Amino acid sequence: MVQGQQKTGLEICALKIWCGARRLVEMDHQISPGQITSVMGPSGAGKSTLLSALIGALAPEFRMQGRVILHGRDVTDAPIATRRIGILFQDDLLFPHLSVGGNLAFGLPACLRGRAVRQARVAQALEQAGLAGFEDRDPATLSGGQRARVALMRTLLAEPQALLLDEPFSRLDSDLRAQVRGFVFDQARALGLPVMLVTHDAGDATAAQGPVLQLTSDA
Amino acid sequence: MNHALGWPHAAAWAKTVRLFCVMVLVVPIALGLWGMILPAFGVVPGLRAAGGASVALTLAPWRAVWQWPGLWEALWLAFLSGVGSTLIAFALSQAIVAALQGGRVFGLVMRLLAPMLALPHAAAALGLAFLIAPSGFLARLLSPWATGWQDPPDLLVLQDPWGLALMAGLVAKELPFLLLVTLAALGQPALRGRVLLAQSLGYGRTVGWFKTVFPAIYPQIRLPIYAVLAYAMTSVEMAAILGPTRPAPLAVQVVIWMGQPDLALRMQGAAAALFLLGAVLGALILWHFGARMVAHWARAWNFSGVRGLWAEGWLRGGMLAVVALGVVGMVVGLLGLTIWSFAGIWRFPDALPQTWSLGVWRDVWRGGGGLLSALGTTILIALGATLVGAILALAWLGARPKVAGTSPVLWLIYLPLIMPQVVFVPGLQTAALALGMQGGVVLVMATHVIFVFPYVVLSLCGPWQSWDPRLALQAAALGAGRVRIFWSLRLPMLLAALLTAAAVGFAVSVGQYLPTLLMGAGRVETLTTEAVALAAGGNRRLIGAYALAQIIVPVIGFAAAVILPGVIFANRRGMSRVAIGG
C-alpha cells in the first residue's frame, strides 16, 4: 500500500520468549506479502503470547529476544500504535457506544480529513463487506458474521502493513466460519498483507494454503 | 438464588427487609426536609406543642434571605468551588487512569487509595491549612532562602476570597474517591482488550482509553460524581477551615443562622438551605446536560479518527506530576501536623522547631484538651453505627438478588450521599426535638447509620455479587439450609470484603461533622467536631494532635480489615485476598 517501500513482508528473526525460566516460544520465520502462515498448538503453548509480542503488548512477566522486521523496518521496540500491525481477536470487540459507521471511522487514519470524505470511505468499506447502508446501525443488532466482517474492515481501514488473526473464527458456527474465513483471507491477499493466523482448527490452516508452524507446550 | 432454591417464606422475608432498608434511607431525609420546609415558611415544629408562638404561614424568611447582601456571592462561591473542584477531580481521575493504568506508578496509587479515602475531610483540610498558610510548613521550608520572608507574609492564601484553597482541599479529598469508583467500574470483563485494540489501530493509550473505555465507564460513575458535586457545593467543615469568610459559602452561613437562638434567623437559615438545595439541583442538571453536549461533540471527535499520539507523552508526564504532587502533599501535610503536635518553640522562618516538646501529648494523656474522651466517643459511635450499618447492608444484599449498575435502587442508595447534609440534618434535629427526642450519643449514632449504610452496601455489593452462586447450590444439594449457607459459607468467604466495607463505614462515621454537631445538641464531642471547633483558634499544637488522632483512628480500622482475614485464613491459599478496589 505504501509506495516506494520495499515490501519484504513480516520477518520474525530468532524470536525467543521466556516466562521466568521456561522458554515458551522459539521462532524464526518470514511471511511474505499475501502469504498466510498458520500457527497451531495446544492451549498454553504460547500462541497468544507470540501475538502479544508481535504487536508489542507483551506482559511484563515475559522476557523476549530477537527482532521483528516489517517491510524492512525494525518495529521490535516501537509502540503498538506506530507498528502498523493490525490484529483481529477471538471476540470482535466492536465498540457498543459507536454506530457501525463510527466503529469503521475509528479505524480510518486521521489524515483523511473532512466528514464527507471519511463518510464516503466508510460507505465503500461497508459495500466491500456486503453491508452497504449499515452506517447508522447499532453493532449489537448485527449477526455474528456481520460483526466479524465489520471488525475486519475496521482493522483494514487503519491501513496496517501486516495482519495477525487470534482465532477470529472460533466463535462462528461451521457454515459461517468458512464464509467469514474466505472473506478475511481474500481481503488480506488482495491488499498483499503478510498474515499470521493462530488457530486450533486444522480446517483454518488448510484454507490458509500457507506454511503451518507447530508450537509445542515445551519448546 | 433464594427463589431458585425454593425456600418457603423467603420472598416475604426479603420484602420486609427491603422495605425496612428503604425506610432507613428515605424516612430521615423526608423528616429532615419537613423540618426545614416548615420553618422556611415561618412554622417551627414543636413550638406549637409548647404553646408558644402563633402559627402563621409567612414568606418573611425568604424575603430576609433575598435581602441578605451576601446571598449572591455566597451562592456563587458554593457553585464555583463545588463545580470547579468536581470538574478538576473528575478530569484528573479519568486522565490518571487513562494514562497510567497498568504501569508501576498506578500500582502505588492503588495502594495509597485506602488510607487517602480514610482521611476525614476535616483532617485533610487542617493538613492543607497547615501546609499552605502564610506561616505554614511550605512557607517555612522556602523561607528565608527562597522567598526572603522573615515574618509570615501578609497573603490571603488560606480562606482566600476566590475559594481557591477550598477548591484545592476538595480536589485532594474527592480525587481518591473518584479513582476508586472508576477502578470498580473498570472491572467489567467487556472492557478488556479495548485499549489494546485501539492501540493496534494506531491510537495512543490515553486517547484510545478516552475513546473506547470512558464512554462505558461514565454511566457507572455518574452517581458518585453527583454525590461529589453535591458534597463539594455544600461542605461545611472544609469550607469553614479553608473557605472564605466574608461572606462564607452559603452552607457555612446556613449553619451559622441555624445555630442562633433568634427564631427569625433560624427560619432564615432554613430558607437559605432550601435555596442552596435549589442551586445544587440546578448544578446537577447543568452537569447532566453538559455531559450530553460533551458526548455529542465526542461523536465527531471519534469520527475524525484523531490518534492523539503527540499528546501521549505530555499526558503521561502531567499525570505522573499530579500523582507525585498528591503523594508528596499528603506526606508533607501529615509531617506538618505531626511536627506541630511535638513542637516546643517554633519561630517563623525556621523549617523545624527550635525545641521539641511532649507537652501537648502529656497534657492529652492526663485528659487535657478533651482529646481522650473525644477519642472514646468517636470510637463508640463509629463502632455502633458500623455494626448497625453492616447488619443492614448484609440483610439488604441478602434480600436483593441484584443491584444493577444504573438501576433506580442505586439512586435510592445514593440519596443520602447526594442530598446535602446541610439541607436536611438541621431539619432532622428540629423533627427529633418535635418528636420529644433528646440529642445525644444514641441519636448521633442513629444518624451516622444513614451515611454509613450506603457506603457499606456500595463497597460490599461488588464482591457479594461476584460470589459464585453454584457454591450455594452445591451446599443446598448437600442438605444445607439457607441459614447455614449464609453463616458457614458466604460470610466466611466474604469476610475480607465485609471487613473492608466495615472499615469504610467506620471511616465515614469518624469523619461526620454536621450530624454529630447537630444531633448531639452540642453535647457530643468527637475528634471531628473538636478539630473543626479548634481550627478557628490558634492552638496549633493541639490542632495537630487532634488531626493526627482523626487520621490514625480510621487507618487502624483499614489495617485491621487487611490483617484479620490473613490471620484467620493463614493456611488457606484459596482465600488470599484481592487488593482493595481491584
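Residues are numbered from 1 along each chain as its sequence is written, and chains are lettered from A in the order in which they are written. Local features in this predicted model need pLDDT of at least 70 and side-chain atom pairs count only at pLDDT 80 or more, while totals for chains, interfaces and linings use all residues, and side-chain values use heavy atoms, with hydrogens and water left out.

**Stop 1: where the chains meet**

Show both chains and select the residues of each that are in contact with the other, contact being heavy atoms within 4.5 Å: there are 29 such residues in chain A and 23 in chain B. The area buried between the two chains is about 2100 Å², and carbon and sulfur atoms give 71% of that; buried area here is the accessible area, taken with a 1.4 Å probe, that two parts lose on being put together, summed over both. Now select Ala81(A), His97(A) and Phe106(A), which supply 28% of the area that chain A buries against chain B, more than any other three residues.

Between chain A and chain B the count is 7 residue pairs in polar contact, with both residues at pLDDT 80 or more. A polar contact is a pair of N or O atoms within 3.5 Å; within protein, one must be able to donate a hydrogen and the other to accept it, and residues adjacent in sequence count only if both atoms are side-chain atoms. Among the elements that give two or more residues to this side of chain A are helix H2 (80-83), strand E6 (85-88) and helix H3 (100-107), and the largest share, 5 residues, comes from H3(A). Helices (H or I, at least four residues) and strands (E, at least two) are DSSP runs, numbered from the N terminus.

**Stop 2: charged pairs in chain A**

Side chains of opposite charge can pair when their charged atoms come close.

Select Asp91(A) and Arg171(A), whose side chains meet in a salt bridge at 2.5 Å, N to O. Asp91(A) lies in the loop between E6 and H3 of chain A and Arg171(A) in the loop between E7 and helix H6 (174-190), so the pair ties together parts that are 80 residues apart in sequence. Asp91(A) is partly exposed at 38% relative accessible area, whereas Arg171(A), at 54%, counts as exposed; with a 1.4 Å probe and protein chains only, buried means under 20%, exposed over 50%, and partly exposed in between.

Next select Arg177(A) and Asp201(A), a salt bridge in which the closest N and O atoms are 3.5 Å apart. Arg177(A) is buried, with a relative accessible area of 13%, while Asp201(A) is partly exposed at 28%.

**Stop 3: aromatic rings in chain B**

Rings of Phe, Tyr and Trp (its six-membered ring) pair if their centres lie within 6.5 Å, and planes under 30 degrees apart count as stacked, over 60 as edge-to-face and the rest as tilted. A search of the whole structure finds 25 aromatic pairs over all chains. Select Trp68(B) and Trp257(B): their ring centres are 4.9 Å apart and their planes stand at 75 degrees, so the pair is edge-to-face. Trp68(B) is in the loop between helix H2 (60-67) and helix H3 (71-100) of chain B and Trp257(B) in helix H12 (residues 250-258), so the pair ties together parts that are 189 residues apart in sequence. Trp68(B) counts as buried at 18% relative accessibility, and Trp257(B) is buried too, at 6%.

For a group of rings, select Phe90(B), Trp209(B), Phe210(B), Phe214(B), Tyr218(B) and Trp287(B), which form one aromatic cluster.

**Stop 4: a serine in a loop**

Finish at Ser235(B), in the loop between helix H10 (214-234) and helix H11 (237-242) of chain B. Ser235(B) is buried, with a relative accessible area of 4%, and a polar atom of its side chain lies 3.3 Å from the backbone nitrogen of Met238(B). Leaving aside neighbours within four places in sequence, Ser235(B) is in contact with Leu170(B), Ala251(B) and Val252(B).

How values were computed: A salt bridge is a side-chain nitrogen of Lys or Arg within 4 Å of a carboxyl oxygen of Asp or Glu.
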